Amino acid sequence: MDITKRTESGTLHIRMAGRFTFADNQAFRELLNEIAGASIKSVIFDMEKLEFVDSAALGMLLLAHDESSKHNKGKITLQSASGQVRKMVSIARFDQYFNIVD
Amino acid sequence: MVSDMQNTPEIHHCPILVVEDNAISRQFIENVLHERGMRNVLAVNSAEEALNCLEHFKPELVILDLMMPGMDGYECSRTIRSHPDYFDLPILIQTAVSVPQSRFKAFEYGATDFINKPIYPEELYARTKVHLQNRVYLKNLRHYKDRISDELTSAQQLQYSILPNANELTQLEKSSNTEIAAYFKPSSEIGGDFWGAKPLLASSMSLWMVDFSGHGVAAALNAFRLQAYLKEHIPLENQPGAYLSHLNEKMRKLLLRGQFATMFYGIVDSKHNRLSYSCACTPYPLLYNSESGRSELLDGTGVPLGVQDEQYPTQTIDFNPQDILVLYSDALVESGYGSNRSISEHMLLETLDRHHHKSASEIRDALIEMFNHQHYGMINDDLTLLVCKRK
């Protein structure tokens, strides 16, 4: 998976592209630290270019959710998920943890 | 690291074969090695003799002279190297010839390293030590790898053994008035997939399919633990949703954050022609409805087990004779995603429609065949498939 990041008035935008799997474990853990950072007020995962997530990826998203709520940053937004990603997110009822927007 | 390398006591017991025709040089090398604690040195005076004693002496290092009457060091080196047992035996060439071409040639003939005459004791010892240490490290790594791979093989056999066996299945089919056919293939080693079923009172049975997130040992250990519980434990709850909620509580205590399990748990009641079930993030189960003559997708949505406090609802549907329930792990539809080789739920429904009149095992085979055809039999995830057909 390729990740590009930018921060805009306290919001961390994370653009994800490709396949998000167990192989991204290390890179994603570094991302968790950034989410916890003091200057970040909210987090958006832009999933428009994301093609695939496996079960480990769903677990990592839950860790991000934990990190965000632990630091009182509110719900993370999952934006523009489609295809298999959309399907996995909805089978797992992720609407309970995340703001899911088109 | 340096002190670690200096303390490799095993190297002092490694057999070292010295091949040198000159008696004085031979004695010199032997003395240098003995004085520095090498306890297993055999010195011979020709290449022919060296080759003769390879098999019983089993050297870990050969210190070889190049210029010898009879077979020379090049030929000796090549002969040793051509034997499959010695493909990686270090061969240290010692010679007075200083033209680089002779060194190139020696490497070509299988030499590992070089030492020039006159030999300095410290250099000889240093090179000997390096080669023997590498040898010991490599050997330890190989042992470790062999042991792990043996253990994974037995773990994989254990994974098969926790699934219902043929006898149990026959009993179950009889008591629940169903036909059951399953397919189970762990990915490369071991993983977190399993299924199970057990008879309940009055021609009903419970059946489940579980997939722990991730692969490997941690997922497999969790799988063993939950399977043992499901097999032994008699649920107080007779509603699948209530039982999933109970299991979710257990999982929340057991699993680390970021780990979870997906699960289908259902009760087939053949007396009342009903199936009640509850899902925690399972791919859409398939149901062939004999009344409508069509296959459909059941709702598999639900928060995975082990994530948060959650109440799982129970769905209850008709499950009449000739109806078919198909459960599968996500590998079936996820593999090859993004290529045109991925299997859609639509294809599964179509296959089920086409084969619904066949036996459970024929339907299973048809689904697996479609899968293998689509993926040339290659998958990188655990694959589990369960077909349950009402009689």
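## The sheet of chain B

In this predicted model, five strands of chain B form an open sheet in the order β2-β1-β3-β4-β5, with parallel pairing. Strands pair if DSSP finds at least two bridges between them. Strands (E, at least two residues) and helices (H or I, at least four) are DSSP runs, numbered from the N terminus. At the edges stand β2 (41-44) and β5 (113-116) of chain B, each with a single partner strand, so one side of each has no neighbour in the sheet. Neighbouring strands are turned by 20 degrees against each other on average, direction ignored. Axes here are lines fitted to C-alpha atoms, for helices over the stretch in contact, and angles run from 0 to 180 degrees between N-to-C directions.

Strand β1 (residues 16-19) of chain B runs parallel to β2(B), joined by four bridges. V19(B) sits opposite V44(B) of β2(B).

## Helices across the sheet

Two helices of chain B are described here. Helix α3 (residues 47-57) of chain B lies across β1 and β2 of chain B, at about 170 degrees to β1(B). Helix α6 (residues 121-161) of chain B lies across β1, β3 (61-65), β4 (91-95) and β5 of chain B, at about 170 degrees to β5(B). Contact means heavy atoms within 4.5 Å.

A salt bridge links E60(B) and K139(B), with the closest N and O atoms 2.6 Å apart. The term requires a side-chain nitrogen of Lys or Arg within 4 Å of a carboxyl oxygen of Asp or Glu. E60(B) lies in the loop between α3 and β3 of chain B and K139(B) in helix α6 of chain B, so the pair ties together parts 79 residues apart in sequence. Over all chains the count is 21 salt bridges.

## Helix packing in chain B

α6(B) packs on α8(B) at about 35 degrees, with axes 11 Å apart. The crossing is left-handed, meaning that the near helix is turned anticlockwise from the far one by less than a right angle; clockwise is right-handed. L152(B), A155(B), L158(B) and Q159(B) of α6(B) meet V217(B), A220(B) and F224(B) of α8(B). Six of these residues are nonpolar, one is polar and none is charged. Ala, Val, Leu, Ile, Met, Phe, Trp, Tyr, Cys and Pro count as nonpolar, Asp, Glu, Lys and Arg as charged, and the others, Gly among them, as polar.

Helix α8 (residues 216-232) of chain B also packs with helix α9 (residues 240-254) of chain B, at about 145 degrees and with axes 12 Å apart. This crossing is right-handed. By class, the contact has seven nonpolar, one polar and two charged residues.

## The interface of chains A and B

Chain A gives 20 residues to the contact and chain B gives 23. Together they bury about 1,800 Å², 58% of it on carbon and sulfur atoms. Buried area is the accessible area (1.4 Å probe) that two parts lose on being put together, summed over both. I91(A), R93(A) and Y97(A) supply 28% of the area that chain A buries against chain B, more than any other three residues.

One salt bridge is counted between the chains. The side chains of K87(A) and E345(B) meet in a salt bridge at 2.5 Å, N to O.

## Strands of chain A

β1 (residues 2-8) and β2 (residues 11-20) of chain A run antiparallel, joined by seven bridges. D2(A) is opposite A17(A). The two strands form a hairpin with two residues between them, and S9(A) in the turn has a positive phi of about 30 degrees. β2(A) runs parallel to β3 (residues 42-53) of chain A through nine bridges. L12(A) has V43(A) as its bridge partner in β3(A).

## Conventions

Residues are numbered from 1 along each chain as its sequence is written, chains are lettered from A and ligands numbered from 1 in the order in which they are written, and side-chain values use heavy atoms, with hydrogens and water left out. Local features need pLDDT of at least 70, side-chain atom pairs count only at pLDDT 80 or more, and totals for chains, interfaces and linings use all residues.
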